[in-house]
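Welcome! Please take a look at the sequence and the structure below before reading on.

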Amino acid sequence: MSPRRTVPDDDTPESFLPLPRDTFHILVSLADRDRHGYSVMLDVAERTGNALRLSPSSLYAAIKRLLAQGLIAELAERPDPEHDDERRRYYQLTPLGRRVAKAEARRLEQLLADARATGLLPRRG
Amino acid sequence: MTPPAGRRRPSRAVRVFRALLALYPGEFRDEYGREMAFVFADRHRAASTFVERLLVWTEALWGLATQAPKEHVQMLLHDLRYAVRALRKDKTFALTVLVTLALGIGANTAIFQLIEAVALRNLPVAAPDRLAQVRIAGGNRGFGITTSYYAQLTRPVWLELRRQQKAFSGIFAWTQGQGRVGDLPEVRNIATLYVSGDMFGTLGLTPWKGTTITADTQVPCPNRTAMVSHGYWMREMGGRELRASERLRINGEELQIVGVTPPSFTGLAVGEPFDAVIPLCLPHGDEAALRRELFDVAVVGRLRPGWTLQQATAHLDALSTGLFEATVPTGYDASGTKLYKGYRLEAASMQSGVGAVRDRYDKALWLLLGMTGLVLLMASANLANLLLARAAARDGEVAIRLALGGSRPALARQFLVECGLLAVVGAGLGMVLAQGLSRLLLWGLSTTAGAPAIALRVDWRVLAFTGAVSVATCLLFGLAPIARTSRIQARGALGTRGASQDRGRAAIQRVLVSVQTALSLVLVLGALLFVRSFHRLTTFDPGLRRDGITVLMLGYEEAQIPRERRSEAQRAFVAAIKTVPGVIDAGTTTNIPLLGGSWGHGVTLGSVENGANFTWIGPGYFPVMGLRIVEGRGLTLDDRRESLKVAVVNQAFARTFTGGASPIGRTLRTHPEPEYPATDYVIVGVTADTKYNSFQGETPAMVYCPDSQFPAIGAWATVMTRSDLPSETVLRSAKAKLRQIQPGMVVDSFDFGQAVRDGFVGQRLMAMLAGFFGIIAGLVAVVGMYGMVAYAVERRRRELGVRTALGAERWQLIGMVMRQAVTLVLVGLALGAALALVGGRVIKSMLFEIQPNDPWILGGGAAILAASALLASYVPARRAARVDPLEALRQE
């Protein structure tokens with residue numbers, strides 16, 4: 001079957017916000033380089049200090065959704081030298097995905113700023 | 001961090017995980033399954049301790065359990081969206097299918113709803129499956145007097161049974177009655193439920209308001225209390241709070257209304273709700289005064305825990321001898337007494353109550369359900385054809401999708417979702433339609449007394465039925481195109497159309513068309529039989545006049561005419577009725593013919609002993625009913641109480657008792673019964689044979705005696721009145737006239753012809769619906785045939801073109817195309833005739849004066865169907881002759 005795309009009509013990055021937690025972490029892990037599924041998972045676990053552990057099921061449910069939304073793209077399969085050289089499918093951020101991830105990061109930054117402005121969090125010294 | 005590279009056989013854990021991936025939809029698994037297995041393998045490998053591995057497994061399983069269903073739902077939604085889009089593009093197709101399904105499913109649901117209400121619904125009481133009715137196995141076989149349709153036992157038997165039985169934890173007797181309420185002489189009737197014993201306790205019912213009536217089986221007359229039904233309370237009393245002063249004047253007795261029964265409980269007989277519950281009191285408080293030949297109650301008990309119906313029957317059977325021995329009525333001869341003592345009691349299920357409506361229409365309704373089922377089946381076959389044609393048009397799309405890597409299961413699912421969507425929407429529309437249709441059906445069963453009081457509703461059974469019908473329909477018309485996708489070649493369909501696929505479709509179509517022809521023959525024959533049967537019924541001459549007769553009923557009790565004066569007063573009343581303008585003649589009778597009532601006595605004439613039906617009549621009865629005297633004389637006013645006892649018999653009587661020789665001058669002697677001592681009657685005349693209490697059955701031996709010599713004159717008189725004015729007019733004038741003589745007398749009436757016709761409503765409905773379904777079935781078959789031949793012509797265009805080019809004649813081409821149609825019709829008709837002959841046995845008892853294998857009907861039905869099917873195939877076949885050879889060849 002042909003891949004399904006359920007891209008919202010107005011393709012602005014803001015229309016995707018707020019991003020689900022899993023989605024944001026996956027986009028972040030793909031920001032510096034292309035990765036395959038396990039690598040994404042390891043990266044997310046490492047960055048969150050094992051707080052967010054993605055199961056194969058939730059990882060690929062998210063990947064499927066991100067592909068359909070056009071936020072990430074699939075690359076050709078290639079061996080992974082780090083992991084026993086089996087052929088893995090790699091993913092990369094699309095330009096739209098990058099814009100969306102940035103928009104989400106800015107949104108979070110703004111939230112943080114708001115929290116500081118109200119004194120909820122200590123101001124940056 | 002990771003073990004050194006190297007290809008290994010996947011570990012057992014990975015193999016298990018891969019197997020679990022089967023939980024996902026195929027497409028998702030194909031796309032991501034391998035990668036997911038890699039990820040799992042990596043994680044499992046990285047987990048070094050048992051606890052870590054356990055964590056990996058927990059996460060993996062949790063993920064599967066939560067994500068896999070989501071994927072299925074997403075897939076289904078996607079398929080649904082696709083199906084909706086496809087159907088919106090093809091509105092004519094969608095509309096055709098939906099209308100067909102809505103009508104088909106609607107008709108089936110409507111009839112099932114009626115069946116549910118009439119036959120399947122439980123009594124709305126606690127644990128209805130533990131309720132049993134106690135009755136005489138095989139009935140009382142005409143012994144004594146049976147007062148109503150549901151009466152099974154005499155009251156002495158009931159009281160004795162109550163004392164002796166051990167099978168039931170609670171037991172009560174009940175009977176229906178009519179109560180006259182209001183002030184004389186303007187009274188009206190309400191439906192009463194007489195109950196003896198603890199009905200409320202046995203059924204587990206609690207009063208809606210107030211308290212229950214007494215549970216005492218021996219409560220002496222007159223009654224002091226009554227309960228009213230919830231319906232009566234709302235309708236007549238405005239649902240007001242009950243006060244201690246609340247009274248109901250019923251049959252001249254003043255009763256205190258002590259409570260209201262719950263709204264769900266409308267009585268023990270389906271379709272016959274009651275207005276008031278009254279204790280079945282004991283006259284003079286004396287059990288010995290109860291009449292032992294009067295079968296006037298039905299008995300219901302709740303089985304003790306652990307007892308089955310079989311055990312209860314065995315127990316009752318063991319009690320029977322002593323019970324009937326102790327209650328044997330006096331005044332009968334030896335044979336009557338022997339019959340009575342031979343009765344055996346049995347227990348039968350009372351789970352869904354009793355019901356004359358059910359006894360009368362149950363079979364007809366199931367038959368109608370069968371008919372609508374067949375029509376839906378046939379319509380589904382046409383839909384399958386339509387879907388096949390549509391699927392053929394989509395071959396290109398399917399092939400492209402297959403070539404692009406779409407999986408066959410996915411395609412099959414797409415088809416299934418599409419027809420599932422149609423079936424669900426069709427079922428929804430059908431359900432809505434059914435609400436109207438079922439009420440229309442019920443209305444079709446209505447008589448002058450109104451439609452049967454049956455509450456139709458949508459319960460789980462109706463929903464389950466509609467659901468099952470829709471699923472079956474969807475599978476029926478959806479599976480053919482699905483089966484077909486398996487033969488489409490990804491490449492093949494992209495090129496020229498594969499001949500093998502067309503052959504496959506044609507084969508399916510041929511089977512469908514023959515089956516359709518067979519089924520439609522069955523339905524057409526059923527239609528012809530029921531219509532013909534109903535026609536015979538309405539035009540049948542029972543030997544008695546029916547039209548222009550008003551039945552007047554005079555109540556003597558309210559008018560307080562003492563018994564010894566009734567005979568004399570009756571003559572004066574009839575004479576008065578005869579002077580009413582428009583009245584031609586009038587005569588009393590003790591039994592109204594053709595309406596089901598029967599009245600028999602044992603008779604001895606010479607050496608012959610047999611039963612005969614007795615009617616005591618006034619002199620006007622024969623002229624009113626148009627009864628012909630074939631020999632001797634009729635009855636006259638000179639036949640008085642004190643004169644010689646005389647009788648007029650019918651020809652059937654002469655055949656039975658005198659071997660056809662003239663019975664005039666012979667003396668018949670009746671067998672004794674309570675109130676009817678053995679009496680000698682001299683036969684003075686013979687009447688022509690007529691039907692007795694129904695149109696069905698042979699004419700029994702009948703005896704007419706003068707009403708002046710009737711030994712047991714009762715509280716009512718029935719006067720058959722012939723007039724050329726409407727019944728209402730006759731009633732109004734007769735009432736006025738009679739009140740001049742006897743103020744305060746209750747006079748009731750109904751139209752005799754209308755009452756007889758009311759008895760035909762079942763047959764009328766059957767004829768109408770069977771006729772309707774027969775026509776629909778014929779049309780469906782014709783459409784199917786047309787579609788098949790049209791497709792065959794289309795498929796063979798090229799061949800036909802070549803033949804035309806080679807000089808084949810027009811008629812040769814038409815014949816060639818139609819040969820197949822003829823064969824299929826013949827196969828279908830043969831199959832249908834066989835089915836009809838088998839099915840005929842089922843409806844034999846429902847037909848009047850016609851056999852289910854009537855050769856004219858069989859031949860006529862087959863001829864009509866064959867002619868229309870051939871016509872339907874001729875129209876497209878003519879097109880075969882018009883194929884332009886050049887164009888046909890160019891197209892390929």
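## Model and confidence

This is a predicted model, in which local features need pLDDT of at least 70, side-chain atom pairs count only at pLDDT 80 or more, and totals for chains, interfaces and linings use all residues. Residues are numbered from 1 along each chain as its sequence is written, while chains are lettered from A and ligands numbered from 1 in the order in which they are written.

Over residues 1–6 of chain B, the pLDDT is below 50. Where pLDDT is low, the predicted coordinates should not be read in detail. For the complex, the predictor gives an ipTM of 0.81 and a pTM of 0.79.

## Domains of chain B

An automatic or database domain assignment sets the domain bounds. Chain B has domain 1 (12–89), domain 2 (128–351), domain 3 (364–539 + 761–891) and domain 4 (557–744). Taken over C-alpha atoms, the centres of domain 2 and domain 3 of chain B are 52 Å apart.

## Helix H18 of chain B

Helices here are DSSP runs of H or I with at least four residues, numbered from the N terminus. Buried means that 20 or more other C-beta atoms lie within 10 Å of a residue's own, and exposed means 12 or fewer, with C-beta atoms placed from the backbone.

The buried residues of H18(B) are Ser727(B), Val730(B), Leu731(B), Ala734(B) and Leu738(B). On the face turned away from that buried side sit the exposed residues Glu728(B), Ala736(B) and Gln740(B).

Terms used:
pLDDT = per-residue confidence, 0-100. Contact = placed C-beta atoms within 7 Å. Helix = DSSP H or I, 4+ residues; strand = E, 2+ residues; numbered from the N terminus.
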